[in-house]
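Let's take a walk through this one together. Have the viewer open and follow along as we go.

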Amino acid sequence: SRYLKTTDFARDYCYYVSLGSTNTIAKQIAESSNAPEGTVIVAEEQTEGKGRMGRQWVSLKNKGIYMSIITRPKIPINRAPQITLMLATVVARFISNHYHVPAKIKWPNDILIHQKKVCGILVEMSSDLDSIHYAILGIGINLNQTAGELNMIENQHYMPTSIRNETDIVVNRRVCFANLLLELERAYQAFIENGFTAFKDLWEEYAYSIGKEITVHTHSSIIQGTLLGITDQGALSLVGKDGETQVIYSGEIVL
Ligand code: BTN
């Protein structure tokens, strides 16, 4: 696209009018070819958009950005969860700055405006014990869905919204896509070079619930406490009623 100013991201890309899931196609491409770092799969519509934990990501035609970026990050496997946090930070800052609405991160991978979900991130990886073969960075953003269209999206997990629904701005999707890709590429490079530490302060600036009482579901328990911030490793730090500080590496905040 003539709007694109990136050097790696989307230099190679596959554009689909309609497909099942950009993440699924991106995985197939990453496995069956030496697709270069930054290859982007983008679709106008997904018929089987995927969310985390087997959930669905409703992807109405011509209304949002549904894309997956193929990367081959040379970072230790224990840093992989930080990729999601870095992406969430970039998207929250992007939406806040470009559309003048308070976009907030709900750890680990949701972006909310006024407590409704505008963006979801799904990073899928292939790795062995010490290295990552590839990581698919899946990003879905609701841009121009109207209130009526959002009402028809049934979801037990969150209330959906779109940038248009919150701001009345009709988003130019091509410009949005090109600008976002440039910010993502810069952030990705900074993250690979300097680690998540470079994003920690920004993450806290855009976090939904710093200083608030939150509930976190982990695979084994439900934890409540006041959110203090995020560690250099990307774990949540909470203080419980008993005054004890706890650090949580994986799970999700529930509203
Ligand atoms: C979530 O909220 O749980 C994550 C949603 C991720 C949606 C994006 S849209 C592009 C990419 N392809 C998919 O099938 N899912 C991600």
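Which residues come nearest to the ligand? Keep in mind that what you're looking at is a predicted model. There are 21 residues around the ligand, and those that come nearest are Ser21, Gly51, Gly120, Gly138 and Gly140. As for where the shell comes from, helix H1 (22-32) and strands E3 (64-71), E6 (116-127) and E7 (132-142) each supply at least two of its residues.

Zoom in on one of the pairings: strand E8 (residues 213-217) runs antiparallel to E12, and three bridges join them. Valine 216 has isoleucine 253 in E12 as its bridge partner.

Last stop, a pair of helices. Helix H2 (residues 81-99) packs with helix H5 (residues 173-194) at an angle of about 140°, and their axes are 10 Å apart. The crossing of H2 and H5 is right-handed. On the H2 side, you'll find Met86, Val90, Phe94 and His98, and these meet Asn179, Leu180, Glu183, Leu184, Ala187 and Phe191 in H5. Sort the residues of this H2 and H5 contact by type and you get seven nonpolar, two polar and one charged.

Methods. Residues are numbered from 1 along each chain as its sequence is written. This is a predicted model: local features need pLDDT of at least 70, side-chain atom pairs count only at pLDDT 80 or more; totals for chains, interfaces and linings use all residues. A residue is near a molecule or strand if its C-beta atom, placed from the backbone, lies within 6 Å of it. Helices (H or I, at least four residues) and strands (E, at least two) are DSSP runs, numbered from the N terminus. Two strands pair if DSSP finds at least two bridges between them. Axes are lines fitted to C-alpha atoms, for helices over the stretch in contact, and angles run from 0 to 180 degrees between N-to-C directions. A crossing is left-handed if the near helix is turned anticlockwise from the far one by less than a right angle, and right-handed if clockwise. Two residues are in contact if their C-beta atoms, placed from the backbone, lie within 7 Å. Ala, Val, Leu, Ile, Met, Phe, Trp, Tyr, Cys and Pro count as nonpolar, Asp, Glu, Lys and Arg as charged, and the others, Gly among them, as polar.
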